[in-house]
Amino acid sequence: MYIPRSKLTWNLGVREFNLRILQISSAQSLGGGERHLADLANGLADRGHEVHVALRAKSPLIRELQSVPGQNIHTLPLRNALDAKSARDLARLVKQHEIQIVHAHMARDYPPAAYAARRNATARLIITRHVLFAMNRLHRITLSGAARVIAVSQAVSTQLKADAICDAGKISVVLNGIDVARFQKARAKFDRKKFLDEWELNEENQLVGIIGELTPLKGQEEFLRAAALVAQQLPNARFIVAGIDHSSGKKYQGQLRRLLAELNLGERVKFGGWVDDLARLYCGLDVLVSASHTESFGLVLAEAMASGTAVVATSTAGASELVTMNQTGLIVPVGEVEQLAAGVLRLLVDKKLTAKLAANAQNVAAEKFTVARMISETENIYAGVL
């Protein structure tokens with residue numbers, strides 16, 4: 001039943017009606033932003049909202065939307081910011097389903113989403129900004145029409161305000177959320193011997209990993225150089241690089257393998273490719289490293305913390321919000337290989353410190369990074385703009 005906007009109410013945070021929401025993403029790979037959208041869409045649907053999602057035909061998100069009815073998953077070309085046909089199709093979709101909230105998550109989707117919202121008087125445009133990169137003039141124009149711009153971290157909010165990308169009063173921070181219970185359960189039932197057997201490792205090995213798309217910005221090169229220094233001190237240390245190279249010809253992955261040979265790391269490093277059960281991998285690691293050059297939030301860090309795994313992270317804006325030095329992990333300067341290696345060595349050698357940091361991190365993750373909190377805060381933003 002259609003509910004006129006004038007009659008929408010939100011009584012002390014208790015929902016008195018179900019919203020009609022359209023989430024939009026043209027993503028072709030599954031990263032932190034896509035995990036955010038899937039958790040948000042599933043959670044909103046589980047709470048009784050009518051959730052629709054517009055994706056590309058072969059989007060990896062389709063299989064992640066378990067709580068969204070199949071008939072509510074719509075495929076469009078969503079080629080780029082100037083895809084006029086997709087913009088018109090989105091506008092018709094919004095009208096047909098009387099969508100109240102149009103929520104876009106990628107910069108190239110902002111203009112088509114904005115057009116769809118403008119063509120439907122009852123719809124409100126919400127933008128989530130997942131990254132710190134600068135936007136162009138077209139996006140500035142688009143965001144001027146947004147009812148609210150959600151930043152996934154204080155770092156992103158600060159960047160948006162510094163760039164004067166939109167009215168500062170429209171910007172809200174909603175920290176990314178993760179399924180904390182899933183990572184806690186993984187830790188509780190983790191079988192380390194079975195894990196080590198599957199990775200062809202043994203009980204004497206100490207395991208350090210880096211997880212994320214294979215790209216220079218994620219710092220896998222610095223990770224391998226630090227690994228070489230760690231291996232000189234701890235011969236039993238082993239290293240996992242998990243992630244996929246989406247670039248043409250997988251040039252960066254080839255570069256990393258050549259570096260591996262140059263560093264004489266041999267069988268000490270395993271390339272894991274795509275890992276379906278990340279929760280289990282986190283539990284298998286003694287130390288999780290984030291060597292990113294830039295990070296708006298650091299979803300992998302939050303997941304590792306929730307898993308009770310010790311972390312070493314470079315001092316990106318996002319990581320610095322998640323990790324407190326010597327309390328929930330270690331922070332080292334971006335690009336400083338020797339300091340990165342020193343941080344890893346410190347945790348591998350000092351088991352007591354590692355256990356303390358991991359326990360503290362797990363408590364912080366359970367308090368601050370839950371999906372339920374993220375969904376509730378997003379619901380309140382939706383209600384506010386309506």
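Predicted model: local features only at pLDDT ≥ 70, side-chain atom pairs only at ≥ 80, totals over all residues.
Helix α5 itself covers residues 154-162. Its buried positions are A155, V156, S157 and L160. In an α-helix, residues three or four places apart point the same way, because there are 3.6 residues a turn. Just after α5, A164 adopts a positive phi of about 50°.

Helix α8 comprises residues 220-233, and helix α9 comprises residues 251-262. They pack at an angle of about 10°, and their axes lie 10 Å apart. Angles under 35 degrees count as roughly parallel, and α8 and α9 are therefore roughly parallel to each other. On the α8 side, the contact is made by Q220, E221, L224 and R225. On the α9 side, Y252, Q255, L256, L259 and L260 take part. By residue class, the contact of α8 with α9 divides into five nonpolar, two polar and two charged residues.

With neighbours within four places in sequence set aside, D83 is in contact with P77 and L78. E336 is 253 residues away from D83 in sequence. In space, the C-alpha atoms of D83 and E336 are 42 Å apart.

At the level of the whole protein, the model contains 15 helices and 15 strands. The C-alpha atoms fill a box of roughly 65 × 45 × 40 Å along the principal axes. The radius of gyration is 22 Å. A compact globule of 386 residues would have a value near 21 Å, so the two agree. Buried residues account for 55% of the 386 residues. The accessible surface comes to about 16,900 Å². Carbon and sulfur atoms contribute 50% of that surface. Contacts were also sorted by sequence separation. Among those between residues at least 6 apart in sequence, 65% join residues at least 24 apart.

Methods: Residues numbered from 1 in each chain as written. Heavy atoms only, no water. Axes fitted to C-alpha atoms, helices over the stretch in contact; angles between N-to-C directions. Helix = DSSP H or I, 4+ residues; strand = E, 2+ residues; numbered from the N terminus. Parallel < 35°, antiparallel > 145°, perpendicular 65-115°, else oblique. Contact = heavy atoms within 4.5 Å. Nonpolar A, V, L, I, M, F, W, Y, C, P; charged D, E, K, R; others polar. Rg over C-alpha atoms; globule rule 2.2 N^0.38 Å. Buried < 20%, exposed > 50% of the residue type's maximum accessible area, 1.4 Å probe, protein only. Areas by Shrake-Rupley, 256 points an atom, 1.4 Å probe, with all protein chains shown as cover.
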